[in-house]
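Please look over the model shown here before reading the points that follow.

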Amino acid sequence: MGPSELTVALAESDPTVGFRAVLGLRRLAERIESRQVALARAQGWSWQQIGDALGVTRQSVHTKHGKLS
Amino acid sequence: MTAGSPWTAAGSAYHPWTTYIAAREEARRRGDRKVGTEHLLLALLSEPDLSGVLDVTIEEARAALDALDLEALAAIGLDARLDLPPLPSTPPAELPRKPTFRAVLKGRLPMTPTAKKALEASSKGTRRGRAQPGTRYAAKNVLAALLELERPDPAAELLARLGVEPAAIRERLARV
């Protein structure tokens, strides 16, 4: 799908559905982040490196995902 | 009531923080950063005081929420196969029945304004304000507050999706 198709779909959708999609994307992003952090840890990344990649401190990554590993 | 528990008023086994913790774990599981009304509803499905009031399993409710998300993403043109497994969280069976300060504060997530209001309704019809000695809480007040909500509130959307009629639940709730 190209960018123009997404624009069309956004313009046509009902705001109720559109807002749900916004939140759905956030939830999806969290799930992807969780999975990627687990993957990075399995590959030997330090919390510092993961924090750098995500643009947050290592403490905040560890607080959020520390239970994973 | 547990002696020494700061949360539980005499004669009342229910405390809204039990619901908060269960709701927060549902939020975490879904990847939400805030505890919303739909999470409170999921939490109340496992509330013993309300058994038999809501004729829905937690699995059905979770699946309904996931389906709503995938449909919404599809509606804006995103591939519904982007679905991913839920995040790690504490399952309802392992949550404390009587929450401690520590359990509430550990891994806490903020609530949406509507969720906060609904949870505060737990002490409706009793003494107002914060947990004073003698404040009585009831799970059914929280559910009643959730049933009042209208779409597009997430709890109302979920109930509609599940085909649950708020009026029918209110009737059953009156008999609890």
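**Notes on chains A and B**

1. Glu38(B), Leu42(B) and Leu45(B) of helix 2 in chain B are in contact with Ile58(B), Ala61(B), Arg62(B) and Leu65(B) of helix 3 in chain B; contact means C-beta atoms, placed from the backbone, within 7 Å. By class, these contact residues are 5 nonpolar, no polar and 2 charged (Ala, Val, Leu, Ile, Met, Phe, Trp, Tyr, Cys and Pro are nonpolar; Asp, Glu, Lys and Arg charged; the others, Gly among them, polar).

2. The model is predicted: local features need pLDDT of at least 70 and side-chain atom pairs pLDDT 80 or more, while totals for chains, interfaces and linings use all residues. Residues are numbered from 1 along each chain as its sequence is written, and chains are lettered from A and ligands numbered from 1 in the order written.

3. Helix 2 (residues 37-45) and helix 3 (residues 58-75) of chain B pack at about 160°, their axes 9 Å apart. The two helices of chain B are therefore roughly antiparallel (an angle over 145 degrees).

4. Helix 6 (residues 139-147) of chain B is mostly covered, with 8 of its 9 residues buried (20 or more other C-beta atoms within 10 Å of the residue's own). Among them are Val142(B), Leu143(B), Leu146(B) and Lys140(B). The buried residues of helix 6 pack against helices 1, 2, 5, 7 and 8 of chain B.

5. Chain A has 4 helices and 0 strands (DSSP runs: H or I of at least four residues for helices, E of at least two for strands). Of the 69 residues in chain A, 13% count as buried.

Notes:
Axes fitted to C-alpha atoms, helices over the stretch in contact; angles between N-to-C directions. Parallel < 35°, antiparallel > 145°, perpendicular 65-115°, else oblique. Contact = placed C-beta atoms within 7 Å. Buried ≥ 20, exposed ≤ 12 C-beta atoms within 10 Å, placed from the backbone.
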